[in-house]
Amino acid sequence: MSMNLAEVEQAMLALDRRDLAALIRRGLQALDYGDSEASQDEVDEAWRDELSKRVDDIERGRVETVPLAESFARAREAVAATRM
């Protein structure tokens, strides 16, 4: 039996919070990885490598850090600009 979008949405919203969170997480993984055969361990390792690279860039002065408050302000400005 095939469900249309409205039926899927209705069923999704009827889930309890825990199951809804699990469904959303799985949906996001499907968008991120598609048909990828990468295991969670491989994904975790790739993120660890990326984090190490970014930390190294900061420590060697290759990138400039921004205070958290300024970063949030920039993000709010960017979001507000998309709403105009």
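Buried means under 20% relative accessible area, exposed means over 50%, and partly exposed lies in between (1.4 Å probe, protein chains only). This is a predicted model: local features need pLDDT of at least 70, side-chain atom pairs count only at pLDDT 80 or more, and totals for chains, interfaces and linings use all residues. Residues are numbered from 1 along each chain as its sequence is written, and side-chain values use heavy atoms, without hydrogens and water.

**View 1. Ile-24 in helix 2.** Helix 2 spans residues 17-33 and holds Ile-24. Helices are DSSP runs (H or I, at least four residues), numbered from the N terminus. Ile-24 counts as partly exposed because its relative accessibility is 42%. Together with Leu-28 and Leu-31, Ile-24 makes a nonpolar surface patch of about 320 Å². Such a patch joins nonpolar side chains within 5 Å, from residues with over 30% relative accessible area and no salt bridge (a side-chain nitrogen of Lys or Arg within 4 Å of a carboxyl oxygen of Asp or Glu). Areas come from the Shrake-Rupley method with a 1.4 Å probe.

**View 2. Asp-57 in helix 3.** Asp-57 lies in helix 3, residues 40-59. Its relative accessible area is 14%, so Asp-57 is buried. Leaving aside residues up to four places away in sequence, Asp-57 touches Arg-62 and Val-63 (contact: heavy atoms within 4.5 Å).

**View 3. Confidence along the chain.** The protein chain has an average pLDDT of 90 (the predictor's confidence in each residue, from 0 to 100). Confidence is lowest in helix 2, at a mean of 87, and highest in helix 4 (residues 68-82), at 94.

Notes: Patch = residues over 30% accessible without salt bridge, like charges linked within 9 Å, V, L, I, M, F, W, Y side chains within 5 Å. Helix = DSSP H or I, 4+ residues; strand = E, 2+ residues; numbered from the N terminus.
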